[in-house]
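Good morning, and thank you for coming. I would like to walk through one structure with you, one region at a time.

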Amino acid sequence: MSAGMKVGLFGGSFNPAHDGHAHVAETALRRLDLDRVVWLVSPQNPLKDRGQTAPLAERMVSARTVARAPHMVVSDFETRVGTSWTVDTLRVLKRRHPGVRFVWLMGSDNLENFHRWRGWTDIMRMMPVAVVARPGSLLESRSAPAARRFAGQRVSSSVARMLPLMTAPAWTYLTAPLNPSSSTALRAAKGHERCG
């Protein structure tokens, strides 16, 4: 990554990665006019049960299988630098790449619970944030604590291309054709196959 690049950071367990993840990443890439999207595969989400999380290597393969579009990069950066919390990962990335225009990317399903993340207000103030609509969370996410707290910093999706150049806090909500894929449903189906 070099100075001046516009880079979306898309973090998650990707347990497993699916078309819904690709939809979020590709929508953000296109609508924000990003140079690249980096998928940050979490070693272990601190808010999720370790027993239900597949090994990192398996989730990396899963993410690489789904992140097929050009300008997508799948990374185990958090494992390599030893961070567990998103806020710490983003601080390290900003320190190492001071000239890069980072944008944090998430699905609207994550915005619903974003206020439970450690340092979530710091994340909002650290870099612009783009939220991409996901099924089942359209109404709830728009009235989520984070959306209400930073309502005055929300920018219209019509100027989303400018978001990477804006000073945080700044965020936008991108609507697009919805993709119903879900990691929870995929894990449930896989478990059902084993039982059947």
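**Salt bridges, rings and a helix**

Let us begin with Asp122, which has a relative accessible area of 33% and is therefore partly exposed. Please keep in mind throughout that this is a predicted model.

What does the side chain of Asp122 meet in a salt bridge? The partner is the side chain of Arg91, at 3.3 Å from N to O. Asp122 belongs to helix 6 (residues 120–126) and Arg91 to helix 4 (residues 86–96), so this pair ties together parts that lie 31 residues apart in sequence. Arg91 has a relative accessible area of 36%, so Arg91 too is classed as partly exposed; the limits for that class are 20% and 50%.

How many salt bridges are there by this rule? The count comes to five. I shall discuss two others, and both involve Asp33.

In one of them, the side chain of Asp33 meets that of Lys6, with 3.2 Å from N to O. Lys6 sits in strand 1, while Asp33 sits in the loop between helix 1 and strand 2, so the bridge ties together parts 27 residues apart in sequence. Is Lys6 buried or exposed? Its relative accessible area is 14%, and therefore Lys6 is buried. Asp33, by contrast, is partly exposed, with a value of 33%.

The other bridge joins the side chains of Asp33 and Arg161, at 3.7 Å from N to O. Here Asp33 is again in the loop between helix 1 and strand 2, and Arg161 is in the loop between helix 8 and strand 6, so the parts tied together are 128 residues apart in sequence. Arg161 is partly exposed, at 47% relative accessibility. Taken together, Lys6, Asp33 and Arg161 are linked in a network of salt bridges.

One further point about Asp33 concerns its backbone: just after helix 1, this residue takes a positive phi of about 55°.

That brings us to helix 1 itself. Helix 1 covers residues 19–31, which makes 13 residues. Several residues of helix 1 are buried, including Gly20, Ala22, Val24 and Leu29. Thr27 is also found in this helix. With a relative accessibility of 1%, Thr27 counts as buried. What does the side chain of Thr27 reach? It reaches the backbone oxygen of His23, at 2.7 Å.

We now turn to the aromatic rings. A search of the whole structure finds seven aromatic pairs. In one of these, the ring centres of Phe10 and Phe14 are 5.4 Å apart and the planes stand at 70°, so the pair is edge-to-face; the angle for that class must be over 60 degrees. Both residues count as buried: Phe10 has a relative accessibility of 4%, and Phe14 has one of 2%.

Phe10 also pairs with Trp39, again edge-to-face, with 5.2 Å from centre to centre and 70° between the planes. This pair links distant parts of the chain, since Phe10 is in strand 1 (residues 6–12) and Trp39 is in strand 2 (residues 36–41), 29 residues apart. Is Trp39 buried or exposed? At 0% relative accessibility, Trp39 counts as buried. Elsewhere, Trp104, Phe114, Trp117, Trp120 and Phe150 form one aromatic cluster.

Which residues make a nonpolar surface patch of about 240 Å²? They are Val159, Met162 and Leu165. Met162 is found in the loop between helix 8 (145–149) and strand 6 (171–174). With a relative accessible area of 43%, Met162 is partly exposed.

Thank you for your attention.

Note on methods. Residues are numbered from 1 along each chain as its sequence is written. This is a predicted model: local features need pLDDT of at least 70, side-chain atom pairs count only at pLDDT 80 or more; totals for chains, interfaces and linings use all residues. Side-chain values use heavy atoms; hydrogens and water are left out. Helices (H or I, at least four residues) and strands (E, at least two) are DSSP runs, numbered from the N terminus. The expected span of a helix is 1.5 Å times one less than its number of residues. Buried means under 20% relative accessible area, exposed over 50%, partly exposed in between (1.4 Å probe, protein chains only). Patches are made of residues with over 30% relative accessible area and no salt bridge: like charges are joined within 9 Å, nonpolar side chains (Val, Leu, Ile, Met, Phe, Trp, Tyr) within 5 Å. Accessible areas come from the Shrake-Rupley method with a 1.4 Å probe; for residues, only the protein chains shown count as cover. A salt bridge is a side-chain nitrogen of Lys or Arg within 4 Å of a carboxyl oxygen of Asp or Glu. Rings of Phe, Tyr and Trp (its six-membered ring) pair if their centres lie within 6.5 Å; planes under 30 degrees apart count as stacked, over 60 as edge-to-face and the rest as tilted. A polar contact is a pair of N or O atoms within 3.5 Å; within protein, one must be able to donate a hydrogen and the other to accept it, and residues adjacent in sequence count only if both atoms are side-chain atoms.
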